[in-house]
Amino acid sequence: KESGRNRIHFNYRSVEVAQRQSVAEWIPIITDALEEDRFVLYCQPIVPVTESRASKVRHYEVLVRMVDRQGEIVPPGKFIPVAEHYGLIEDIDRWVLNRIFDHLQYHPNKEQRFAVNLSGNTISDEGLKDFIINKFKSTGVSPQRLQFEVTETAAIRHFDRAMDFINALKDLGCYFSLDDFGSGLSSLGYLKELPVDYLKIDGSFIRNMELNEVDYSMVSTINHLGHIMGISTIAECVENSSQLSMLQEIGVDYAQGFLIARPMPLDNLG
Ligand code: C2E
Ligand code: CA
Ligand code: CA
Ligand code: CA
């Protein structure tokens, strides 16, 4: 009996140790990937829901993936949270920015705008603002070709620094989206203060809007609120045509999701 209890105790602890190791094991995996340049950028189009918003400029969200030593693609959900926790996200976000600046610099005539995700840690890193401003200077890339996606949780948590960051880059001509809107620690009071151009309505509302009246109303209310403030709206995770027609009915401006296109490698963009 005594030894039985010990065994259970031991097994429980070894599970705990194994879990702790598996998170810590990601640190060298991420730092090695950074050293060996084993990341790749995908991008996914964001398109107007109605003709009235049609424009010559193609708009994409940039999504990073890691490539492991066997050449397999590792999705960001696996390493971004670890990178955020262990202070490695700034390095990943800078890698992404360097790569996008290269693309923009070598395709000066393409009418493309890229929306880059920035973590809360990154926007509160004072050096990043200067890094981006210097990149515009050294590459000659037009700031109108770059957009940044910031989550409301990150923007609110680091409010003063986020405001400083957003204002400085908006002055240059960059655009901003508030990402995952409605899913985080939101306060509508803060939304009024944040000078963003786009609201991205969180995919969880889009996913359920056909079945759930409350989710449908959330989409419609967020859309209305955005428009009252002069902010364009984007629905993410649009997977079927009945969701798209509901978005049309509501008057959401832009849509992104598997229905329109899956994320594709940046290098495959025409
Ligand atoms: P996010 O910013 O909310 O990005 C949207 C996610 O939804 C992407 O997942 C995209 O592939 C996925 N998605 C797009 N359309 C659909 C759809 O119709 N259905 C469903 N179920 N999913 C769809 P992904 O690429 O795995 O990225 C996950 C998260 O990782 C992103 O969420 C973002 O928070 C983070 N992330 C990605 N790239 C970067 C980056 O370069 N820097 C930072 N800091 N975070 C990044
Ligand atoms: Ca995003
Ligand atoms: Ca999002
Ligand atoms: Ca998300």
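Donors here are N, O and S atoms within 2.8 Å of the metal, or 3.2 Å for Na, K and Ca; water is not among the atoms, so sites may look incomplete. With that in hand, the model. It is predicted: local features need pLDDT of at least 70, side-chain atom pairs count only at pLDDT 80 or more, and totals for chains, interfaces and linings use all residues. Residues are numbered from 1 along each chain as its sequence is written, chains are lettered from A and ligands numbered from 1 in the order in which they are written, and side-chain values use heavy atoms, with hydrogens and water left out.

Start with the calcium ion (ligand 2). Its donors are spaced E-x55-N-x31-E-x29-D along the chain. Which residues are they? Glu61 (OE), Asn117 (OD1), Glu149 (OE) and Asp179 (OD) coordinate the calcium ion (ligand 2), at 2.2 to 2.3 Å. Helices (H or I, at least four residues) and strands (E, at least two) are DSSP runs, numbered from the N terminus.

Asn117 has 26% and counts as partly exposed. The cut-offs: buried is under 20% relative accessible area, exposed is over 50%, and partly exposed is in between, with a 1.4 Å probe and protein chains only.

Next, the calcium ion (ligand 3). Its protein donors are Asp179 (OD), Asp180 (OD), Glu236 (OE) and Glu236 (OE), lying 2.1 to 2.8 Å from it. The donor residues follow the spacing D-D-x55-E.

Now the bridges. Asp179 bridges the calcium ion (ligand 3) and the calcium ion (ligand 2), which lie 3.8 Å apart. Asp179 is buried, at 7% relative accessibility. Asp180 bridges the calcium ion (ligand 4) and the calcium ion (ligand 3), also 3.8 Å apart. Asp180 is in strand 6 and is partly exposed, at 26%. What coordinates the calcium ion (ligand 4)? Asp180 (OD) and Asp180 (OD), at 2.9 to 3.0 Å.

On to ligand 1. Where does ligand 1 sit? In the largest pocket. For pockets, the search runs on a 1 Å grid over the protein atoms alone; a pocket is an open set of points with protein on both sides within 12 Å along at least five of seven lines. A molecule sits in one if more than half of its atoms lie within 2 Å of its grid points.

There are 21 residues around ligand 1, and the closest are Arg65, Asp93, Ser119, Glu239 and Phe258. Near means a heavy atom within 4 Å. Strand 2 (58-67), helix 3 (76-85), helix 4 (89-106) and strand 6 (175-181) each supply at least two residues of that shell. Strand 2 gives the largest share, four residues.

Polar contacts are next: pairs of N or O atoms within 3.5 Å. An N or O atom in the side chain of Glu239 is 2.5 Å from a nitrogen atom of ligand 1. For Asp93, a polar side-chain atom lies 2.9 Å from a nitrogen atom of ligand 1. Asp180 comes back here: one of its polar side-chain atoms lies 3.3 Å from an oxygen atom of ligand 1. The protein covers 79% of the 810 Å² of accessible area that ligand 1 has on its own, by the Shrake-Rupley method with a 1.4 Å probe.

How values were computed
A polar contact is a pair of N or O atoms within 3.5 Å; within protein, one must be able to donate a hydrogen and the other to accept it, and residues adjacent in sequence count only if both atoms are side-chain atoms. On a 1 Å grid over the protein atoms alone, a cavity is a set of points where a 1.4 Å probe fits but cannot get out, and a pocket is an open set with protein on both sides within 12 Å along at least five of seven lines; lining residues have an atom within 4 Å of a point.
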